[in-house]
Amino acid sequence: MIVIALETSCDETSVAVVDHDRLVAQSTYSQIKHHQAFGGVNPGVARRAHEERLPLLLKRTLARTHTTFPNQKACDCLYCRSPRRSSLVVHRSSIDAIAVTVGPGLPPALEVGLRTAKEIAILHSLPLIPVNHLEGHIASVFLKRSSGAPYVKNIPQLQFPFLSLIVSGGHTELVVTEMNDERLKMKDYENNSSSILHPSSLISHLLLGQTLDDAAGEVIDKVGRELGLGYPAGPVLEHMARLGNPKAYPFPLPLKNTPQSDLNFSFSGLKTKAVQMLVGDHRIGTYTQRPRSSNVARRSIQDFSASFQQAVIDALAFKVTRAVKHTGIKQLVLTGGVSANLELRRQLRQVMKACGGQLFTAPIGFTGDNAGMIGLAATFAYNRGEGLTSPEEIEAVDRQPNLQFPLTK
Ligand code: KG4
Ligand code: ZN
């Protein structure tokens, strides 16, 4: 199945062509510089930037892949017209469906992608597949290159059910993902291996826990802003932390004394504590790259960054360990913008190893929001019967800013 996918849930405008699990092409525009002055994502600015960029990205991605809609004439670019060269390009003249993120996300931002997807679906009589952004983040680990090689090398070892930790600027969720393969129920089903893309593969997700207040990336950005690290602070904080002492400043472990079955997170206490330390007792000051900034100030910012990053990692690792014990599932997928953090990856890999399990991380370059993961998640949704074909059904689809997986019992 060839899907065009649109992602506009937050501050990345992204379009992809996905052929089953293979990413054929993807164009992403990051709006970071539009939001820097606000120190966070401004929803109105995000909407305008999506409106400006989405048509351009769509055109570029389709042209690059020589993809056309079913009721259009074949691609007539120079490559496709030349009989000698045409063997060099992949002709994808038939798109099977259009996928779009419907939530969770910022309402004005989600609306841009959804409106465009509806227009395309109705104009070209294509099914519309509404996609849960969180399912997209989980699907990112299964993406393959256009050559068919998986981005995540150890992915063949991942088995259902598995746990996922989604950590980004808007999310901190622990999820369990299962697959019911109808073929396994058939007597004459000879091959016992199940494919994530087979039409009988029904992938479903249940929520084990989520943040009760701020998301992990959100507090990293807020504390980073107090430190003067700019927006988004995550990558700079990681860089500073690499040079600092993670034990220099003490932070509490949130929700430590809750029952073993509690798999929720809380980060607002860490944020408050960090800000108190910055402006109160320790007066660390802010980071500037000017040579005037003294070595002592630089050192303390590095130590503070390392200590705060460690506090966030400890909070995540604590609940991951609990989730493994609680569910007995020993394979964890780590995904979302914060999963780009190499120290988080390293420590969670150790945690999973200590539990006798294994960590699978979103491919670098696909940790943040991207349309490729939405295109693959669309196939999961399509197999569950979530593709819509009638214009009435398509028109009725609404954005779902607070979309969430169902809770485990
Ligand atoms: O998934 P994402 O691109 O967008 C959202 O859906 O939020 O995640 C962005 C978040 C920001 O909070 C950013 O500071 C954080 O991911 N982030 C990092 C790193 N790279 C991005 N946090 C820690 N370490 C990083 N290397
Ligand atoms: Zn995201």
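Let's start with Asp-369, which sits in the loop that links β10 (358-361) to α11 (371-383); helices (H or I, at least four residues) and strands (E, at least two) are DSSP runs, numbered from the N terminus. This is a predicted model, in which local features need pLDDT of at least 70 and side-chain atom pairs count only at pLDDT 80 or more, while totals for chains, interfaces and linings use all residues. Residues are numbered from 1 along each chain as its sequence is written, and side-chain values use heavy atoms, without hydrogens and water.

Asp-369 has 14% relative accessibility, so it counts as buried (under 20% relative accessible area, 1.4 Å probe, protein chains only). Beyond its neighbours within four places in sequence, Asp-369 has contacts (heavy atoms within 4.5 Å) with residues including Ser-9, Cys-10 and Thr-28.

Its side chain also makes these polar contacts (N or O atoms within 3.5 Å, one able to donate a hydrogen and the other to accept it; residues adjacent in sequence count only if both atoms are side-chain atoms):

| Side chain | Partner side chain | Distance |
|---|---|---|
| Asp-369 | His-133 | 3.0 Å |
| Asp-369 | His-137 | 3.1 Å |

Now to strand β5 (residues 128-132): 5 of its 5 residues are buried, so the rest of the structure largely encloses it. Leu-128, Pro-130 and Asn-132 are buried on one side, and Ile-129 and Val-131 on the other. Strand β4 (residues 97-103) pairs with β5 in the parallel sense over 5 bridges (pairing takes at least two DSSP bridges). Within this pairing, Val-100 has Pro-130 of β5 as its bridge partner.

Terms used:
Chains lettered and ligands numbered in written order. Buried < 20%, exposed > 50% of the residue type's maximum accessible area, 1.4 Å probe, protein only.
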